[in-house]
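Subject: Handing over a structure

Hi there,

Here is the structure I promised to pass on to you. Have a look at it first, and then read on for what turned up in it.

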Amino acid sequence: MEQHTDCSYCMCGTDNTLVDAFGVPMLDLPASKLILFKEQSHKGRVIVASKQHVDDISCMSEEDAAAFMADVRHVAAALHKAFNPDKINFGAYGDTMHHLHVHIVPKYKDDPFEFGDVFAMNPGRVTLEPAQYDEVAQAIIANL
């Protein structure tokens with residue numbers, strides 16, 4: 001598949017310079033790459049980025065779109081098992097990043113920050129130490 005050297009998702013796993021600004025690469029799934037979002041106001045927040053450099057899901061074949069959504073669903077189920085959130089929000093934005101990706105954001109009632117509202121893209125509230133990112137990532141991976 002074609003890689004765009006100016007795209008953080010295309011380069012993820014090859015050259016993590018761009019993705020390191022906001023995420024921690026975790027692993028490859030069948031149709032996507034799983035990235036732990038560095039801002040962890042919502043414990044377990046991740047990005048599922050398509051392995052294909054497409055603008056949105058309507059640019060994919062039915063088969064490829066189904067495979068991508070199967071990855072999204074699989075990750076959401078793992079987040080439910082790992083962290084038992086009260087709700088999971090999904091966001092597929094692409095105004096500035098023209099590469100299909102979905103933010104999967106666990107929400108917790110005991111954290112009044114944004115519960116019952118749309119999640120902030122990057123609120124800058126919670127960052128972790130490297131070992132803590134690894135702990136969150138391993139909890140997700142153990143439930144995939």
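**The aromatic cluster**

Phe-22 is buried, with a relative accessible area of 17%; here buried means under 20% relative accessible area, exposed means over 50%, and partly exposed is in between, using a 1.4 Å probe and protein chains only. Before we go further, please note that this is a predicted model, in which local features need pLDDT of at least 70 and side-chain atom pairs count only at pLDDT 80 or more, while totals for chains, interfaces and linings use all residues. Residues are numbered from 1 along each chain as its sequence is written, and side-chain values use heavy atoms, with hydrogens and water left out.

How many aromatic pairs does a search of the whole structure find? There are 3. Rings of Phe, Tyr and Trp (its six-membered ring) pair if their centres lie within 6.5 Å; planes under 30 degrees apart count as stacked, over 60 as edge-to-face and the rest as tilted. One of the pairs is Tyr-9 with Phe-22: the ring centres are 5.8 Å apart and the planes stand at 70°, so this pair is edge-to-face. It links distant parts of the chain, with Tyr-9 in helix 1 (residues 8–11) and Phe-22 in the loop between helix 1 and strand 1 (23–28), 13 residues apart. Helices (H or I, at least four residues) and strands (E, at least two) are DSSP runs, numbered from the N terminus. Tyr-9 and Phe-22 are both buried.

Phe-22 also pairs with Phe-37, with ring centres 6.5 Å apart and planes at 40°, so this pair is tilted. Again distant parts of the chain are linked, since Phe-37 sits in strand 2, 15 residues from Phe-22. Phe-37 is buried, with a relative accessible area of 5%. Together, Tyr-9, Phe-22 and Phe-37 form one aromatic cluster.

Phe-37 brings us to its strand.

Which strands does strand 2 pair with? Two strands pair if DSSP finds at least two bridges between them. Strand 1 and strand 2 pair in the antiparallel sense over 5 bridges, and they form a hairpin with 3 residues between them. Pro-25 has Ile-35 in strand 2 as its bridge partner. Strand 2 (residues 32–37) also pairs with strand 3 in the antiparallel sense, over 5 bridges. There, Leu-34 is partnered by Val-48 and Leu-36 stands opposite Val-46.

Strand 3 (residues 46–50) has 5 of its 5 residues buried, so it too is largely enclosed by the rest of the structure. Val-46, Val-48 and Ser-50 point one way, while Ile-47 and Ala-49 point the other way. Strand 3 is joined by 4 bridges to strand 5 (residues 101–107), and these two run antiparallel. The bridge partner of Ile-47 in strand 5 is His-103.

**Charged residues**

Strand 5 also holds Lys-107. A salt bridge is a side-chain nitrogen of Lys or Arg within 4 Å of a carboxyl oxygen of Asp or Glu. The Lys-107 side chain does reach the backbone oxygen of Glu-114 at 3.0 Å.

The search of the whole structure finds 1 salt bridge. In it, the side chains of Asp-111 and Arg-125 meet at 3.7 Å, N to O. Both residues lie in the loop between strand 5 and helix 3 (130–142), so the pair ties together parts that are 14 residues apart in sequence. Asp-111 counts as buried at 18% relative accessibility, whereas Arg-125 counts as partly exposed at 42%.

Enjoy exploring it!

Best wishes

Note on methods. Polar contact = N/O pair within 3.5 Å; in protein donor to acceptor, adjacent residues only side chain to side chain.
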